[in-house]
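I opened this notebook to record what I looked up in one structure. The entries follow the order of my searches.

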Amino acid sequence: MRVAAALARKGGEEFVKPGRLVEVRFVRGQSLSLTASRLLALMILTAGGDAWRDVSHRMRKSDIRRGHKGNERIVDMLEELHRTLFAEDDKSWRGKRATKRFSLIQASWEEVEDEGKETGWIEWQFTPDARRLIQESQTYAVMNRQAVLGFRSAYSLKLYEEGALRLHRRQPVWKVDMVGLRAALGIDPEKYADFAQLRRKVLLVAKAEIDQLAHFTVEWDEIRRGRAVTELIFRFAPKDAPAQIETVDELARHTSGRKARREDSVEEIAIAGPTVAPELIGRLVADAASKLAAPDREPREKFAAFPSGSLRYGGEEFYKVGVEHGGGWDVDGIAEAYRKEMGNRLVSLKGVKLERSWRGFCESYFSRRGRP
């Protein structure tokens with residue numbers, strides 16, 4: 001919890017999930033959907049170093065929606081978190097081995113918003129069992145918020161958590177039998193009964209996403225008894241500097257086309273010269289030039305370079321974007337954080353790419369911090 005509080009003060013994309021919460025297993029036949037898993041991660045991020053305390057925690061609905069209007073998905077996610085059960089080994093009142101079942105969310109409140117308004121908060125309390133697991137945790141997984149929100153498979157997210165928990169141990173491995181794997185990842189007992197199918201539908205999908213979005217990679221060995229796979233040994237390795245930079249760049253990109261980039265199947269569209277009439281090209285060029293020369297048009301060069309000083313002087317267009325999308329935070333403060341995050345990459349950005357990058361950073365800055 002001290003680490004969680006320190007990362008919260010730092011205000012970056014990293015947060016921690018207590019190890020006992022990572023290792024807690026789903027009750028047989030139950031699991032969390034990807035959206036509910038993301039919400040739980042955001043709840044832990046928001047609670048920070050106070051997650052173990054018997055207090056309520058609060059979050060803006062806008063931080064959950066990520067651009068989706070309406071509250072139907074939020075209601076579904078909250079109710080799913082309430083009804084999903086987890087299990088851990090315990091002892092009964094007679095001292096015999098027993099399985100304890102419990103939920104993680106004790107109560108939640110969702111503000112009823114006025115019609116036409118997109119403001120509102122949710123409030124929740126963790127159960128005593130969840131707070132106990134958090135307080136007893138001696139280990140933790142350092143996770144990246146953008147990576148968590150970027151996964152498209154709930155199995156990928158769970159395996160990512162297992163890897164983040166073990167990455168910096170002396171031996172960053174996870175040895176697990178098939179029953180334990182299904183319980184940890186929330187794989188239904190009736191689903192993917194054949195291991196070849198489980199490998200293809202779960203493990204290979206998770207590996208592809210983790211290798212692309214996480215700060216580490218994952219491999220595994222299959223332990224067999226006869227022809228049947230009985231155990232798996234996962235190995236997690238941190239990425240080197242060039243691979244880390246590629247991951248940061250990918251997390252900053254739009255999710256559209258992410259799968260194609262992962263599979264290296266992005267196609268470049270080119271116009272073949274002979275198929276385009278020269279006179280048509282001439283008309284298009286002339287039309288574009290006349291539009292650029294029109295007095296009522298804004299100059300295309302307004303996002304040519306990101307200013308090095310205050311955006312109030314010489315960077316008015318950037319300042320307008322910061323005011324509109326920065327949620328009320330000091331625009332020059334956002335700009336300084338943007339320069340720090342982009343580093344040398346900022347020199348090569350201009351035009352539409354620069355505008356979109358700056359606007360997206362302002363939106364994410366506001367999304368992470370709420371209103372000042």
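This is a predicted model: local features need pLDDT of at least 70, side-chain atom pairs count only at pLDDT 80 or more; totals for chains, interfaces and linings use all residues.

Residues are numbered from 1 along each chain as its sequence is written, and side-chain values use heavy atoms, with hydrogens and water left out.

**Entry 1: aromatic pairs.** I took Trp 174 and found it buried, with a relative accessible area of 8%. For Phe 234 the relative accessible area is 0%, so this residue is buried. I then searched the whole structure for aromatic pairs and found 12. The rule is that rings of Phe, Tyr and Trp (its six-membered ring) pair if their centres lie within 6.5 Å; planes under 30 degrees apart count as stacked, over 60 as edge-to-face and the rest as tilted. The Trp 174 and Phe 234 pair is stacked, because the ring centres are 5.4 Å apart and the planes stand at 25 degrees. This pair links distant parts of the chain, 60 residues apart: Trp 174 is in strand S9 (residues 173-177) and Phe 234 in strand S11. Helices (H or I, at least four residues) and strands (E, at least two) are DSSP runs numbered from the N terminus. Phe 151 and Tyr 160 form a tilted pair, at 5.1 Å centre to centre and 55 degrees between the planes. I recorded both Phe 151 and Tyr 160 as buried. I also noted one aromatic cluster formed by Phe 306, Phe 318, Tyr 338, Trp 358 and Phe 361.

**Entry 2: nonpolar cores.** I define a nonpolar core as a set of buried Ala, Val, Leu, Ile, Met, Phe, Trp, Tyr and Cys residues joined through side-chain atoms within 4.5 Å. The largest has 41 residues, and Tyr 160, Leu 181, Leu 198, Leu 232 and Phe 234 have the most contacts inside it. Apart from this core lies another of 29 residues, among them Ala 51, Met 59, Ile 64 and Ile 74.

**Entry 3: Glu 231.** I located Glu 231 in strand S11 (residues 228-238). Its relative accessibility is 25%, so Glu 231 counts as partly exposed. Glu 231 and Leu 181 lie 50 residues apart in sequence and 8.7 Å apart in space, C-alpha to C-alpha. With neighbours within four places in sequence left aside, the contacts (heavy atoms within 4.5 Å) of Glu 231 are Lys 175, Val 176, Asp 177, Asp 221, Glu 222 and Ile 223.

**Entry 4: helix H14.** I listed the buried residues of helix H14 (residues 316-325) as Phe 318, Val 321, Gly 322 and His 325. They are on the same side of H14 because they cover an arc of only 100 degrees around the axis. The arc is that of the directions from the helix axis to the C-beta atoms. Just after H14, Gly 327 takes a positive phi of about 70 degrees.

**Entry 5: Ser 37.** I found Ser 37 in helix H3 (residues 34-47). Ser 37 is buried, as its relative accessible area is 10%. Setting aside neighbours within four places in sequence, I found Ser 37 in contact with Leu 32 and Leu 157.

How values were computed: Buried means under 20% relative accessible area, exposed over 50%, partly exposed in between (1.4 Å probe, protein chains only).
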